[in-house]
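These are notes for a colleague opening this model for the first time. Please keep the structure in view while reading the points.

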Amino acid sequence: MGYNKYMKEALREAEIAGSLGEVPIGAVIVRDGEIIARGHNLTETTHDPTAHAEMIAIRQAAQKLGGWRLPGCEMYVTCEPCTMCAGALVWSRMEKLHIATMDPKAGACGSVYDVVRDRRLNHCVEVETGMMAEEASTLLKSFFSELRAKRKNNRRTR
């Protein structure tokens, strides 16, 4: 089995987020070929601005490994992490980051900023992009298209 199986699991997490009315982003963390943590966006559900898929997965992995450093770990995430999540990836010493689709408006791993590869910081994360990008992008576009349609309908019924 290839690395796509891990991104497929991240996409499953994203679908869970979408079914909850959350922005459909999912993440999994892999170490030694085993998924050790999972996360999907829960910011609306928990009323917590830090409840991004990446943050949830990082917390879960740290708990499982018994420390805040995550050596030998790789994250698979459906959308490019924001500055908060990129900082957490650096701080946790994530080894590699696999991103399905980039975020040209708020991405901090190569689009708007490149926090994870900034040599001025104490750690750099290796980045791979484009794995299952079409699937992840379609999921996000569908979610936001439906959200805009709902908002438009709500304005009409007022």
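Is Ser137 buried or exposed?

1. Ser137 is buried, at a relative accessible area of 16%. Here buried stands for under 20% relative accessible area, exposed for over 50%, and partly exposed for what lies in between, with a 1.4 Å probe and protein chains only. Ser137 sits in helix H5, residues 133-156.

2. The model is predicted, so local features need pLDDT of at least 70 and side-chain atom pairs count only at pLDDT 80 or more, while totals for chains, interfaces and linings use all residues. Residues are numbered from 1 along each chain as its sequence is written, and side-chain values use heavy atoms, leaving out hydrogens and water. Helices (H or I, at least four residues) and strands (E, at least two) are DSSP runs, numbered from the N terminus.

3. Helix H3 (residues 53-65) packs with helix H4 (residues 83-91) at an angle of about 25°, and their axes are 9 Å apart. H3 is therefore roughly parallel to H4. The term covers angles under 35 degrees; over 145 is roughly antiparallel, 65 to 115 roughly perpendicular, and the rest oblique. Axes are lines fitted to C-alpha atoms, for helices over the stretch in contact, and angles run from 0 to 180 degrees between N-to-C directions. The crossing of the two helices H3 and H4 is left-handed, that is, the near helix is turned anticlockwise from the far one by less than a right angle.

4. Which residues make the H3 and H4 contact? From H3 come Glu54, Met55 and Ile58, and from H4 come Met84, Cys85, Ala88 and Leu89. Contact here means heavy atoms within 4.5 Å. By class, the contact of H3 with H4 has six nonpolar residues, no polar ones and one charged residue. Ala, Val, Leu, Ile, Met, Phe, Trp, Tyr, Cys and Pro count as nonpolar, Asp, Glu, Lys and Arg as charged, and the others, Gly among them, as polar.

5. H4 has buried residues: Cys85, Ala86, Ala88, Leu89 and Val90. Their cover includes H3, S3 and S4.

6. The largest nonpolar core has 31 residues, of which Ile29, Met75, Met94 and Leu97 touch the most other members. A nonpolar core is a set of buried Ala, Val, Leu, Ile, Met, Phe, Trp, Tyr and Cys residues joined through side-chain atoms within 4.5 Å. At least two residues of this core come from each of strand S1 (26-31), strand S2 (34-40), H3, strand S3 (73-79), H4 and strand S4 (96-101). H3 gives the most, with six residues.

7. Met75 shows how the parts meet. Leaving aside neighbours within four places in sequence, Met75 is in contact with Ala27, Val28, Ile29, Glu54, Ala57, Ile58, Leu89, Met94, Lys96, Leu97 and His98. There is also a second, separate core of 11 residues, including Met7, Val28, Tyr76 and Met131.

8. Glu13 belongs to helix H1, residues 4-19. This residue is buried, with a relative accessible area of 7%. Not counting residues up to four places away in sequence, Glu13 touches Ile25, Gly26, Ala27, Val28, Arg38, Gly39 and His40. Gly18 is in helix H1 as well, but is partly exposed at 27% relative accessibility.

9. Two backbone angles deserve a check. Most residues other than glycine have a negative phi. Asp32, in the loop between S1 and S2, has a positive phi near 50°; Asp32 is exposed, with a relative accessible area of 76%. Arg93, in the loop between H4 and S4, has a positive phi of about 65° although it is not a glycine. Arg93 counts as partly exposed, at 22% relative accessibility.

10. Where is Asp114? Asp114 lies in the loop between S4 and strand S5 (126-129), and counts as partly exposed at 30% relative accessibility. Asp114 touches Ala108 and Cys109, not counting residues up to four places away in sequence. The C-alpha atoms of Asp114 and Ala86 are separated by 8.4 Å, and the two are 28 residues apart along the chain.
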